[in-house]
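Open the model in your viewer and keep the selection tool at hand. Each stop below names what to select and then says what is there.

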Amino acid sequence: MSETHEVDVVVVGLGPGGEAVASGAAEAGLEVVGIDRRLVGGECPYYGCIPSKMMLEAAHRLQTAGSIQGVAGSADVHPDFTPVATRIRDEATTDWDDASAVERLTGAGITFVRGEARLTGPKQVEVDGTTYAARVGVVLNVGTQPATPSIPGLADTPFWTNQEVVKVTEVPASLIVVGGGPIGVEMAQAFAGFGCRVTLLEGGDRILGPDEPEASQALAGVLAEQGVQVLDGVQIERVDHADGSFTVTTTSGGQTQELTADKLLVAAGRITQLQGLGLETVGVDPEAHRLDVDERCRVVGAEGLWAVGDVTGKGAYTHVSMYQSAIVVPDLQGEDGPTGDYRAVPHVTYTDPEVAGVGMTEQAARDAGLTVNVGSYDLGASTRGWIAGASGLVKLVEDADRGVLVGGTVVGPAAGEIVAMLTVAVHAEVPVERLLSMMYAFPALHRAVENAVKDLRA
């Protein structure tokens, strides 16, 4: 027999943004129900940001230890993946158990429901025969899942996605990675750091396609130096698995090649989980791949429905969903809170060197019809970069008509930290002349930004 419970807010999907909305609304005194069929906390703490960066950190330390020759002596390095796997299991994910996250929710006064949620009408959500009617509204934070390309034979093989790869306890002798996006390049470098023979396959003309071409080229060169075989512009024809080994058949430039490896990681993007959610019951296209939202994250055309995170198409990053949660919570209370501004969305790929960017690339700015001015500098030529033997670059994109930065890219050590100053510049529309007049610490790596700014006026 079905039941109906009336509450203030229903949050469907409890990744970082959804959890923040639920907690914020509860703290404001609203009666909140949070629903998720998966682990509370979302991909980031269990299968994404946290465990993957632990793997990378370990690989980077091995790389550092192996590079002291001629700088600080010599080292005999013996890779051991066991401490990495143990830390991920015990410290990061609690063996992929979300009991503490659920307790955090219920401790905040939120009613938690584990199950498959479906919209059944405006402000109504059904889970396992129980309907929750929201007096204020429903917030969707259903996230994404790994995409599985339509490659003949792939579905019948035991390939890894990001969810399986972080549970690995032993490093294979060889690995093929399909996809040259952030997940693909990070995992390629992490496994190569532990002695795995890695081949990275990218269908486009370069890895990290959405980033600046110079950034892609710089990272590809480093990966090659570290023993990763990077093959771009390849078409995967089929995948086979037999006798514990994968065979990937590819074509490129009219040539066919068969690649073999012990394991296969598919990191070919992610897809939103909107299908089957009942969007048609609230006037939204049920086949939509993302939800159109206004400046307060209200879903356009749907009464009492908000969305945060990947499904909004504003950037598939944890920090975007957290940013949006701070917009939604006051709006649920009827308060005049902040509105969304996505001109300066930063992103970081945590390889070594890191690749970080914010705002528009040069091509995106040109496509938008801007009058573009570009400045760049070799980060390795900076004093600190030379001392560290670093490689990398800073590239700035200026809207020449307004004299402000609209984008910036940093490749190098701590690029994710250096890009913060560029994020401020793009977000606040700091005049380039102001950036020229400011002081930059010597010999900090970020001093390369000053040289790139000067290059804008060269």
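**Stop 1: an aromatic cluster**

Select F81, W160, F191 and F194, which form one aromatic cluster. Rings of Phe, Tyr and Trp (for Trp, its six-membered ring) count as a pair if their centres lie within 6.5 Å; planes under 30 degrees apart are called stacked, over 60 edge-to-face, and the rest tilted. This is a predicted model, in which local features need pLDDT of at least 70 and side-chain atom pairs count only at pLDDT 80 or more, while totals for chains, interfaces and linings use all residues. Residues are numbered from 1 along each chain as its sequence is written, and side-chain values use heavy atoms, with hydrogens and water left out.

By the ring rule there are 5 aromatic pairs. Among them is the stacked pair of F81 and F191, at 6.4 Å centre to centre with 25 degrees between the planes. F81 sits in the loop between helix 3 (49-65) and helix 4 (82-92), and F191 is in helix 7, so the pair ties together parts that are 110 residues apart in sequence. Helices (H or I, at least four residues) and strands (E, at least two) are DSSP runs, numbered from the N terminus. Are F81 and F191 buried or exposed? Both F81 and F191 are buried, where buried means under 20% relative accessible area, exposed over 50%, and partly exposed in between (1.4 Å probe, protein chains only).

**Stop 2: helix 7**

How many of the 12 residues of helix 7 are buried? The count is 9, and helix 7 is mostly covered. The buried residues include E186 and Q189 as well as M187 and F191. Just after helix 7, select G195, which takes a positive phi of about 90 degrees.

**Stop 3: the largest nonpolar core**

A nonpolar core is a set of buried Ala, Val, Leu, Ile, Met, Phe, Trp, Tyr and Cys residues joined through side-chain atoms within 4.5 Å. The largest one has 62 residues, of which V32, M55, F191 and L332 touch the most other members. Select V32: leaving aside neighbours within four places in sequence, V32 is in contact (heavy atoms within 4.5 Å) with V9, V11, A22, A25, A26, I110 and T111. Apart from this core lies another, of 27 residues, among them L277, L279, L305 and A307.

**Stop 4: strand 2**

Now select strand 2, residues 32-36, where 5 of 5 residues are buried. In a regular strand the side chains alternate between the two faces of the sheet. Here V32, G34 and D36 point one way and V33 and I35 the other. Strand 1 (residues 3-12) is joined to strand 2 by 4 bridges, and the two run parallel. V11 stands opposite G34 in strand 2. Strands pair if DSSP finds at least two bridges between them.

**Stop 5**

Next, find the open sheet of 5 strands in the order 17-18-21-20-19, with antiparallel pairing. Strand 17 (346-349) and strand 19 (372-378) stand at the edges with a single partner strand each, so one side of each has no neighbour in the sheet. The twist averages 10 degrees from one strand to the next. Axes are lines fitted to C-alpha atoms, for helices over the stretch in contact, and angles run from 0 to 180 degrees between N-to-C directions.

Select strand 18 (residues 354-359), which 4 bridges join to strand 17. The bridge partner of V348 in strand 18 is A356. Helix 14 (residues 447-456) lies across strands 19, 20 and 21, at about 140 degrees to strand 19.

**Stop 5: A448**

Finally, pick A448 in helix 14. A448 is buried, with a relative accessible area of 0%. Which residues does A448 touch, not counting those up to four places away in sequence? They are Y377, L379, S382 and V394.
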